[in-house]
Amino acid sequence: MSSGELTNILVSTDVTRYLEFKQVAGSYVQQGSGPKATVAKVPSDASEALKSPLMGLFEKRRMKGFIEWVGQFNSKDSATHKGWLHPAFPLCLGQRRLTGFLLRP
């Protein structure tokens, strides 16, 4: 669910009478600018991470491991608390930016 300032303004002005809010199907990022700009989907599961044009071969494998870890994480089970900044997940800066799209509430 979105909880930003724009969402609060829309809800407070009763736009829900004539607008319907829907869940987002995916997140996309733009690479480059001008006529050579491309749009790519931010990977949201392990198979998308392996197919993504946003990362190189080794980065794809690390991102796949991270996404799998997120899927298995349980805050009450300390065995799953390896932490994504743990050396087991040496994500590069670009991948850390992508994970922001994955982990937003």
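What percentage of the 105 residues in the protein do buried residues make up? The share is 21%. This value, like those that follow, is computed from a predicted model.

## Overall architecture

The protein contains 4 helices and 2 strands. Read from the N terminus, these elements follow the order α-β-β-α-α-α. The accessible surface amounts to about 8100 Å², and carbon and sulfur atoms account for 56% of that surface.

The contacts can also be described by sequence separation. Of the contacts between residues at least 6 apart in sequence, 31% join residues at least 24 apart.

## The nonpolar core

The largest nonpolar core of the protein consists of 10 residues: Val29, Ala40, Val42, Ala49, Leu54, Met55, Met63, Phe66, Ile67 and Trp69. Helix H3, spanning residues 57-72, supplies the largest share of this core, namely 4 residues.

Val29, one of the core residues, belongs to strand E1, which covers residues 28-31. Because its relative accessible area is 15%, below the 20% cut-off, Val29 is classed as buried. Val42 is also a member of the core. Val29 and Val42 are 13 residues apart along the chain, and their C-alpha atoms are separated by 6.8 Å.

## Helix H3

Helix H3 comprises 16 residues. Its span from the first C-alpha to the last is 23 Å, close to the 22 Å expected at 1.5 Å a residue. The buried residues of H3 are Lys60, Met63, Phe66, Ile67 and Trp69. Among these, Met63, Phe66, Ile67 and Trp69 are also listed in the largest nonpolar core.

Val70 is likewise located in helix H3. Its relative accessibility is 33%, so Val70 counts as partly exposed. Val70 and Asp45 are 25 residues apart in sequence, while the distance between their C-alpha atoms is 9.8 Å.

## Salt bridges

The model has 2 salt bridges. One joins Lys64 to Glu68, with the closest N and O atoms 2.9 Å apart. Both residues lie in helix H3 at a separation of 4 residues, about one turn of the helix. Lys64 has a relative accessible area of 27% and is therefore partly exposed. Glu68, with a relative accessible area of 36%, is partly exposed as well.

Glu48 forms a salt bridge with Lys41, and here the closest N and O atoms are 3.1 Å apart. The relative accessibility of Glu48 is 25%, so this residue counts as partly exposed. Lys41 reaches 28% relative accessibility and thus counts as partly exposed.

## The loop between H2 and H3

Ser52 is situated in the loop between helix H2, residues 46-51, and helix H3. Its relative accessible area is 3%, which means that Ser52 is buried, the cut-off being under 20%.

Once neighbours within four places in sequence are set aside, the contacts of Ser52 are Lys41, Pro43 and Lys60.

## The N-terminal region and the surface patch

Helix H1 covers residues 5-12 and includes Val11. With 45% relative accessibility, a value between the 20% and 50% limits, Val11 counts as partly exposed. Val11 also belongs to a nonpolar patch on the surface, together with Tyr18, Leu19 and Phe21.

Asp14 is placed in the loop between H1 and E1. Although Asp14 is not a glycine, its phi is positive, at about 60°. The relative accessibility of Asp14 is 41%, and the residue therefore counts as partly exposed.

Definitions and conventions
Residues numbered from 1 in each chain as written. Predicted model: local features only at pLDDT ≥ 70, side-chain atom pairs only at ≥ 80, totals over all residues. Heavy atoms only, no water. Core = buried A, V, L, I, M, F, W, Y, C linked by side-chain atoms within 4.5 Å. Buried < 20%, exposed > 50% of the residue type's maximum accessible area, 1.4 Å probe, protein only. Expected span 1.5 Å × (residues − 1). Patch = residues over 30% accessible without salt bridge, like charges linked within 9 Å, V, L, I, M, F, W, Y side chains within 5 Å. Areas by Shrake-Rupley, 256 points an atom, 1.4 Å probe, with all protein chains shown as cover. Salt bridge = Lys/Arg side-chain N within 4 Å of Asp/Glu carboxyl O. Contact = heavy atoms within 4.5 Å.
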